[in-house]
Amino acid sequence: MRRTRSLLAGAVGLTLMLAASAAAAGPLDAPGYTKAFACSACHGLGGNSRADATPVLAAMPTWYFKKAIEDYAAGRRVSAEMEPFAKMVKQQGVDDVAGYFAAQSRDKLAVKVERASVANGRKAAVACAGCHGDDGRGDERRGVPSLMGQPPGYLKNQMLLFKTDKRSPGDAELMKMKAVMKSVDDATLADLAAYFASLGR
C-alpha cells in the first residue's frame with residue numbers, strides 16, 4: 001500500500017513536471033520545428049521576421065502557407081530564391097511545416113511605420129476592402145490572404161509585382177486586381193503597405 005502511494009505520488013509529480021515543461025515550451029520545442037528550421041535564416045525564429053522585405057510566417061493560416069509553397073515550387077509564383085526551398089519543404093512535409101508556423105505567436109512588428117502613411121493608406125484601402133475586408137483579414141473561402149501585420153517593405157514589393165504582372169503572371173483570377181494596381185501610383189502603394197502593416201498589432 002505504501003509503495004502504491006509512493007508510485008502514485010511519483011506519477012503525479014512527473015505529470016505536473018511535464019505539464020509545466022509543455023507550458024513553457026517555445027518555438028524550438030514545437031512539433032515541426034526541425035523541418036521548419038531552415039526557414040528561420042530568413043523568416044526569423046518561429047517565423048517572426050525582423051526584416052522589412054521578408055514576410056512574417058508566424059500565425060500564418062495553414063491553407064495559405066501551403067498554397068504559397070505549391071505556387072513557388074511549381075514556378076507559378078516566380079522566385080529564384082524561394083523555389084528550391086519550397087521544393088524542400090514539400091519533400092520534408094508541408095503539412096508539418098505549415099502547422100508549425102500556424103501555431104506560433106506573432107511578435108510585435110519590428111519595422112516602424114509613419115502615422116501619416118498609415119492615415120493615407122487607411123483611406124486608400126477602401127478599394128481593397130471588397131476582397132481583403134475592412135481590416136485586411138482576408139477570406140479563406142475565396143482564397144484571399146490576410147495582409148494584417150506584414151512588414152511594409154514586403155507588402156509594397158508584392159503590390160509592385162502585381163502591378164507589373166511579375167507575380168503569378170498569366171493567372172486569370174488575379175487580372176482584375178492587377179488592373180486596379182496599375183491605376184495606383186507607387187506612393188499610394190507605400191501608404192497602403194504602411195496601413196496594412198499597422199493592423200493586428
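Student: What percentage of the 201 residues in the chain is buried?

Tutor: Buried residues make up 36% of the 201 residues. Buried means under 20% relative accessible area, exposed over 50%, partly exposed in between, with a 1.4 Å probe and protein chains only. This is a predicted model, where local features need pLDDT of at least 70, side-chain atom pairs count only at pLDDT 80 or more, and totals for chains, interfaces and linings use all residues. Residues are numbered from 1 along each chain as its sequence is written, and side-chain values use heavy atoms, with hydrogens and water left out.

Student: How many helices and strands are there in the chain?

Tutor: Eleven helices and zero strands. Both are DSSP runs numbered from the N terminus: helices are H or I with at least four residues, strands are E with at least two.

Student: Which residues touch the most other members of the largest nonpolar core?

Tutor: Leu155, Met159, Leu189, Leu192, Tyr195 and Phe196, in a core of 20 residues. Helix 9 and helix 11 (186-198) each supply at least two residues of this core. Helix 11 gives the most, with seven residues. A nonpolar core here is a set of buried Ala, Val, Leu, Ile, Met, Phe, Trp, Tyr and Cys residues joined through side-chain atoms within 4.5 Å.

Student: What does leucine 192 touch?

Tutor: Gly121, Ala124, Ala125, Cys128 and Met159, leaving aside residues up to four places away in sequence. Contact means heavy atoms within 4.5 Å. There is also a second, separate core of 18 residues, which includes Cys39, Met60, Tyr64 and Ile69.

Student: Back to helix 9. Is glutamine 158 buried or exposed?

Tutor: Glutamine 158 counts as buried, at 10% relative accessibility. This glutamine lies in helix 9 (residues 152-163). Glutamine 158 touches Arg77 and Arg167, not counting residues up to four places away in sequence.

Student: Now rings. How many aromatic pairs does the structure hold?

Tutor: Six. Rings of Phe, Tyr and Trp (its six-membered ring) pair if their centres lie within 6.5 Å; planes under 30 degrees apart count as stacked, over 60 as edge-to-face and the rest as tilted. Tryptophan 63 and tyrosine 64 are edge-to-face, because their planes are at 70 degrees, with centres 5.6 Å apart. Tyrosine 195 and phenylalanine 196 have centres 5.2 Å apart and planes at 55 degrees, so that pair is tilted. Ring pairs also link Tyr33, Phe37, Phe65, Tyr100 and Phe101 into a cluster.

Student: How many salt bridges does the count come to?

Tutor: Ten. The rule is a side-chain nitrogen of Lys or Arg within 4 Å of a carboxyl oxygen of Asp or Glu.

Student: Where do glutamate 70 and lysine 90 lie?

Tutor: Glutamate 70 is in helix 4 (residues 62-74) and lysine 90 in helix 5 (residues 82-92), so the pair ties together parts 20 residues apart in sequence. Their closest N and O atoms are 3.2 Å apart. Glutamate 70 is partly exposed at 32%, and lysine 90 is partly exposed at 40%.

Student: Which residue does lysine 178 meet in a salt bridge?

Tutor: Aspartate 165, at 2.4 Å, N to O. Lysine 178 sits in helix 10 (residues 175-182), while aspartate 165 is in the loop between helix 9 and helix 10, 13 residues apart. Lysine 178 is buried, with a relative accessible area of 2%. Aspartate 165 counts as partly exposed at 29%.
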